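Visitor: Could you take me through this structure, please? I am new to the subject and would like plain answers.

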Amino acid sequence: MYVFSVNAKSRKKIDGFAADEMVPFIVYINFRDLFGAEQLCQLYLLRGDFYDISIEKRKMIADKFLINKEHVKADRALQEAVDTGYSVQLFEAH
C-alpha cells in the first residue's frame, strides 16, 4: 500500500475552497506497484472532478503494519483503503 500527499485543483467550489483553487489531499492506494498506485491516485482524483494533479510525497506502508489489526483499526482512512482499495481525504487547509 502507498500513501500520497497530493495537490489538485477543483473544477467547482467545495468545502471552503473556491473553484480552480489548489486543494490538498492525502490518498491511500492499496496497490503493490508504485507506478500503478500513482496512476490510480490520479484517476480517482480526475473522476472526482479535479485537475492539475501533483503528487508531492509518496510513501510505501510496509505489510508488517497492515497485518496489525489494531494499527489499521486506529486509522479510519487506512481501514477504508484496506477494505475498498483506496481512500481519499481532503485537508481542511494547506
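Guide: We shall discuss the sheet, the helices and the salt bridges in turn. This is a predicted model, in which local features need pLDDT of at least 70, side-chain atom pairs count only at pLDDT 80 or more, and totals for chains, interfaces and linings use all residues. Residues are numbered from 1 along each chain as its sequence is written, and side-chain values use heavy atoms, with hydrogens and water left out.

Visitor: In what order do the strands of the sheet come?

Guide: The order is β3-β1-β2-β4, an open sheet of four strands with antiparallel pairing. Strands (E, at least two residues) and helices (H or I, at least four) are DSSP runs, numbered from the N terminus. Two strands pair if DSSP finds at least two bridges between them.

Visitor: Which strands are at the edges?

Guide: They are β3 and β4, each of which pairs on one side only. From one strand to the next, the twist averages 25°. Angles run from 0 to 180 degrees between N-to-C directions, and axes are lines fitted to C-alpha atoms, for helices over the stretch in contact.

Visitor: How many bridges does β2 have with β1, and how many with β4?

Guide: Eight bridges join β2 to β1, and five join β2 to β4, residues 86–90. Both pairings are antiparallel. As examples, N7 has P24 in β2 as its bridge partner, and I29 is opposite Y86 in β4.

Visitor: Why is β2 described as largely enclosed?

Guide: Seven of its eight residues are buried, so β2 is largely enclosed by the rest of the structure. Buried means under 20% relative accessible area, exposed means over 50%, and partly exposed is in between, with a 1.4 Å probe and protein chains only.

Visitor: And the helices: which strands do α1 and α4 lie across?

Guide: Helix α1 lies across β1, β2, β3 and β4, and runs at about 145° to β3. Helix α4 lies across β2 and β4, at about 145° to β4.

Visitor: What does R58 pair with?

Guide: R58 pairs with E38, the closest N and O atoms being 2.4 Å apart. R58 is in strand β3 and E38 in helix α1, so the pair ties together parts 20 residues apart in sequence. E38 is buried at 15%, whereas R58 is partly exposed at 41%.

Visitor: What about R11, which pairs with D49: where are the two?

Guide: Their closest N and O atoms are 3.5 Å apart. R11 is in the loop between β1 and β2, and D49 in the loop between α1 and β3, 38 residues apart. R11 is partly exposed at 47%, and D49 is partly exposed at 28%.

Visitor: Which residue forms a salt bridge with R32?

Guide: D63 does, with closest N and O atoms 3.2 Å apart. R32 lies in the loop between β2 and α1 and D63 in helix α2, so the pair ties together parts 31 residues apart in sequence. R32 is exposed at 69%, while D63 is partly exposed at 37%.

How values were computed: A salt bridge is a side-chain nitrogen of Lys or Arg within 4 Å of a carboxyl oxygen of Asp or Glu. Contact means heavy atoms within 4.5 Å.
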